[in-house]
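Please read the following walk-through with the sequence and the coordinates open beside it.

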Amino acid sequence: MTPLPQAIDTTTAEFRSAAATAVANWAEESNGRSEAGSFELAAPVEAAFLPGLLASLGLECLKSVGSDKDFALSACRPENVWRMLFAAASTGGAYNDGVYGAYGRLAAWRSLAALSGTSTAAPFGEVEQNTQECDWYSFGAATEWFESVAWDIGLVSVAPGARRIAVLAATDTD
């Protein structure tokens, strides 16, 4: 078995806030919570080893993951990531109405920029290019952190070269 690459937590308060912008209303106006992190890897990670790597990062949302049955990871397209983030921001969580169309797009855009490794102040073309160049995954986990009602998000971006990953997890409940 290939050993997992060493991961260095590079999460900043600015990254955490930007990555979670799309789900901020879940925590501010409902019963939700989110977790975001960015990590530099000592060596590239292959997709087959992402579940083990994610479980080893010390993320609260994956704290009690123990078996393959507890964790599911699947590749997804950038358009699907956009839709998840936009839906989360524009329609809200369990007990709020979200921020609707224009502000929902802005919130989703900020989250997408951060997760793709781009500044939220970068021009549209740069964010779009970085987003398209990343590999994207959605995940779910049977842990106590996730409410498993209707409002759960787990996203991972792997930057080109597979030496930087970013994670956003969010959950809300009624």
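**A serine and its surroundings**

Leaving out residues up to four places away in sequence, Ser30 touches Asn25, Gly93, Ala94, Tyr95, Asn96, Asp172 and Thr173, where contact means heavy atoms within 4.5 Å. The model is a predicted one, in which local features need pLDDT of at least 70 and side-chain atom pairs count only at pLDDT 80 or more, while totals for chains, interfaces and linings use all residues. Residues are numbered from 1 along each chain as its sequence is written, and side-chain values use heavy atoms, with hydrogens and water left out.

Ser30 sits in the loop between helix 2 (24-29) and strand 2 (33-41); helices (H or I, at least four residues) and strands (E, at least two) are DSSP runs, numbered from the N terminus. Its relative accessibility is 14%, so Ser30 counts as buried. The cut-offs are under 20% relative accessible area for buried, over 50% for exposed and partly exposed in between, with a 1.4 Å probe and protein chains only.

Two of the neighbours take part in polar interactions with this side chain. The side chains of Ser30 and Asp172 are joined by a polar contact of 2.8 Å, and a polar atom of the Ser30 side chain lies 3.0 Å from the backbone nitrogen of Tyr95. A polar contact is a pair of N or O atoms within 3.5 Å; within protein, one must be able to donate a hydrogen and the other to accept it, and residues adjacent in sequence count only if both atoms are side-chain atoms.

**Aromatic pairs**

How many aromatic pairs does the structure hold? There are five, a pair being rings of Phe, Tyr and Trp (its six-membered ring) with centres within 6.5 Å; planes under 30 degrees apart count as stacked, over 60 as edge-to-face and the rest as tilted. Trp109 and Phe124 are stacked, because their ring centres are 5.2 Å apart and their planes at 10°. Trp109 belongs to helix 5 and Phe124 to helix 6 (residues 124-133), so the pair ties together parts 15 residues apart in sequence. Trp109 counts as buried because its relative accessibility is 18%, whereas Phe124, at 53%, counts as exposed.

Phe139 and Phe146 form an edge-to-face pair, with 6.3 Å centre to centre and 80° between the planes. Both are buried. One aromatic cluster is formed by Phe71, Phe139, Trp145 and Phe146.

Tyr100, in helix 5 (residues 100-115), has a positive phi near 65° although it is not a glycine. Ser148 is likewise not a glycine and has a positive phi of about 55°.
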